[in-house]
Amino acid sequence: MKARDPIVEIVSTGRYLPDRVLTNADLEKIVATTDEWIMERTGIRERRIAGPEMGAAEMGARAARIAMERANVLPGEVDVIVVSTATPDRLLPSTACDMQALLGATNAAAYDISAACSGFIYALSVAEGHIASGNAEIALVVSTEKMSGIVDWTDRATCVLFGDGAGAAVVRRAGTGRGAVLSSFMRSDGTLAELLWRPAGGVKVPMDIAVLDEKSHLVKMAGREVFKSAVRSMAEAADQALMRAGLTGADIDLLVPHQANMRIIDATARYAGVPMDRVFVNVDRYGNMSSATVPIALDEAAEQGRLKQGDHVMLVAFGAGFTWASAVLRW
Ligand SMILES: CC(C)(COP(=O)(O)OP(=O)(O)OC[C@H]1O[C@@H](n2cnc3c(N)ncnc32)[C@H](O)[C@@H]1OP(=O)(O)O)[C@@H](O)C(=O)NCCC(=O)NCCS
């Protein structure tokens, strides 16, 4: 496939992380686990947990305000807010509409997309479409996840993996040559939905006493199967984004993978031919924040000076659905 001229660029990013840190030692007091088991299998040391007063819209708005300030974009200048979340504050209306109100983005369309951990890259592509069509010039892409609200805190196989946080990006029509989105790729396979899901609590199996008793409204996961699919899909996503940008792994200055698990990150980097010193990792500090992991990692990488002008950056993610996605940027 031929590399195309960039349509959009990421002007700025921002992030919000709750202050409260939940360590592996804290988890040892909640479920039958050990710091050693969690570190060895996942590389996660601690994660952030939002308080009861903090919702997905508020976390996302905090991340978005930082990104907007850095881009010198006023709330009234935003044309569309695309929010990716697996943890909406409520089912109707969207978290994006709450965020629109919190930000005072009075000229913006706002809606949520549901693509689980791949959501930021999906949302970026959606924003690109709005701008390509001429319906928007400035888009706010926000991923906000309060995973602590949907995990079963009695299930040691899942509750140790996740954390809360939000990441945001201001996206506009390409012009300056910086932050340009050179390629993107998205796929899904719904036949595997039941490997990582919340079985009940929607309209098909509505919330009732039995659902609450069985905790079937909370996350269930077949860890080993998810692991295998994740490694396979992240590899395909890396291949596709590179091919579509006309690059190889050797051209990538920084790989920013979804932060689910250190072993999946290692396998993805090895497959793509990107050495670990060119891979951004923060899974040790935050765990898996679903779609918020990629924009938070990108924001931290920029802040730490790991992105220089002209660098090629590859984003790769995988999540429930299953969904998987990737993008290559020129910083
Ligand atoms: C979840 C995961 C870390 C488990 O690692 P694993 O090596 O596959 O381990 P298994 O599931 O085979 O479980 C091994 C044992 O550890 C136990 N175990 C599970 N969670 C545990 C925990 N937190 N602490 C201690 N033991 C635990 C299991 O009960 C099992 O015990 P058993 O052998 O007596 O039955 C791993 O499968 C994984 O990372 N999967 C991908 C998850 C993911 O990233 N999901 C999100 C995708 S976006």
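This is a predicted model: local features need pLDDT of at least 70, side-chain atom pairs count only at pLDDT 80 or more; totals for chains, interfaces and linings use all residues.
Which element gives the most residues to the shell around the ligand?

The protein chain falls into two parts: domain 1 covers 8–178 and domain 2 covers 181–330. Taken over C-alpha atoms, the centres of domain 1 and domain 2 are 14 Å apart. Where the two parts touch, 47 residues of domain 1 are in contact with 43 residues of domain 2.

On the side of domain 1 that touches domain 2, several elements each supply at least two residues: the strands β1 (8–16), β3 (46–48), β6 (138–146) and β7 (164–173), together with the helices α5 (119–133) and α6 (156–159). Helix α5 gives the most to this side, with 7 residues. Sorted by class, this side of domain 1 has 21 nonpolar, 15 polar and 11 charged residues.

Now turn to the ligand. There are 20 residues around the ligand, and those that come nearest are Thr-33, Arg-156, Gly-223, Phe-227 and Ala-260. Two or more residues of the shell come from each of α2 (35–42), α6, α8 (223–245) and β12 (312–319). Among these elements is the answer to the opening question: α8 gives the most to the shell around the ligand, with 5 residues. By class, the shell has 11 nonpolar, 6 polar and 3 charged residues.

Key:
Residues are numbered from 1 along each chain as its sequence is written. Domain bounds come from an automatic or database domain assignment. Two residues are in contact if their C-beta atoms, placed from the backbone, lie within 7 Å. Helices (H or I, at least four residues) and strands (E, at least two) are DSSP runs, numbered from the N terminus. Ala, Val, Leu, Ile, Met, Phe, Trp, Tyr, Cys and Pro count as nonpolar, Asp, Glu, Lys and Arg as charged, and the others, Gly among them, as polar. A residue is near a molecule or strand if its C-beta atom, placed from the backbone, lies within 6 Å of it.
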